[in-house]
Amino acid sequence: MELGLKGRNAVVTGGTRGIGKAIARALAKEGVNVVLLARSREALERTAEEIRRESGVLALGIPADVKSIKSVKAAAADVVSQLRTIHILVNNAGGPIRRVDRQIEWPDSDWIDDINMKIVGMLRCVQAFLPHLSRDGTGRVINISGIAGVGVLSGALTHGFNNSAMNHVTNYLAADLADDKIAVNTVIPGLIATEWRELWADNLARQQGKTKAEFLSETCRNWGIVAGRWGTMEEVADSVVFLASDRARYITGAQLSVDGGFGVNKR
Ligand SMILES: NC(=O)c1ccc[n+]([C@@H]2O[C@H](COP(=O)([O-])OP(=O)(O)OC[C@H]3O[C@@H](n4cnc5c(N)ncnc54)[C@H](OP(=O)(O)O)[C@@H]3O)[C@@H](O)[C@H]2O)c1
């Protein structure tokens, strides 16, 4: 399928590993120039180089901490000085739950830090890149939320409210940016085999005296993942590529679940 993405420019926050890296690689394979934002300079350089070698597109790694508006604005100025127009902004920066203890007992500084990172971080990125997003119908904001925002996962209080807030903000921005012809959508990943999730499954399987396959199969049953397996990072990335493309030009304010059927609510 011709997606019409060749030569466009994308910014992917948290693009150095996990789902963000898979999204950047998938866009690059469609001929999109990609800018990765994350904190680790070393990972940014390594990942950008990997993508350049793999796809031959322009791939830049620009250090930015989404918790700081100063840092995000400096990164946006740097990106724009090199690329002028941005067509696709993917708000993906996030990560694992910080600790496994009961979240209602956390100090509020931990709650606020998690909100500051994911949901306010996403707002900062939208604000900083908005003046530079294309307004000819190719502009896209794609937010990566997660199933903790649509169902209750124990131990995922802050992830839950970040992701449900992100789903709401997607609809808000879809309306707000409609006159600028910028489409805003959410992709909602389920249980995805990222690098840290692989370690999580290895550790829990070992602790429970099970094989990893047994542990994952039981987890999918308990979580109501009707596909019976976890998802790959590439399966999430494919959905983002579609939403970024001309083929999705009439889609805005949508929530696309990539969760193996978690959302059908079979428990
Ligand atoms: N893995 C899953 O099963 C799953 C399921 C549902 C939803 N999600 C969502 O998908 C997104 C990606 O998750 P993931 O599992 O792929 O995460 P991950 O592997 O931990 O990668 C996180 C990325 O975000 C960057 N990052 C972290 N803090 C940042 C900050 N303050 N400023 C800028 N960049 C920052 C990291 O780089 P640096 O550390 O160098 O900054 C890294 O590139 C998250 O929003 C997560 O909530 C994941």
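## A salt bridge across the chain

Asp113 is partly exposed, at 24% relative accessibility (buried means under 20% relative accessible area, exposed over 50%, partly exposed in between, with a 1.4 Å probe and protein chains only). Its partner in a salt bridge is Lys67, with the closest N and O atoms 3.2 Å apart; the term means a side-chain nitrogen of Lys or Arg within 4 Å of a carboxyl oxygen of Asp or Glu. Lys67 is partly exposed too, at 28%.

This is a predicted model, in which local features need pLDDT of at least 70 and side-chain atom pairs count only at pLDDT 80 or more, while totals for chains, interfaces and linings use all residues. Residues are numbered from 1 along each chain as its sequence is written, and side-chain values use heavy atoms, without hydrogens and water.

Salt bridges that share partners join Lys67, Arg98, Arg99, Asp101, Asp110, Asp113 and Asp114 into one network.

The whole structure holds 18 salt bridges.

## Around the ligand

Now to the ligand, which 28 residues surround, each with a heavy atom within 4 Å of it. The closest are Thr16, Ile19, Arg39, Lys118 and Trp196. A backbone N or O atom of Ile19 sits 2.8 Å from a ligand oxygen atom.

How values were computed:
A polar contact is a pair of N or O atoms within 3.5 Å; within protein, one must be able to donate a hydrogen and the other to accept it, and residues adjacent in sequence count only if both atoms are side-chain atoms.
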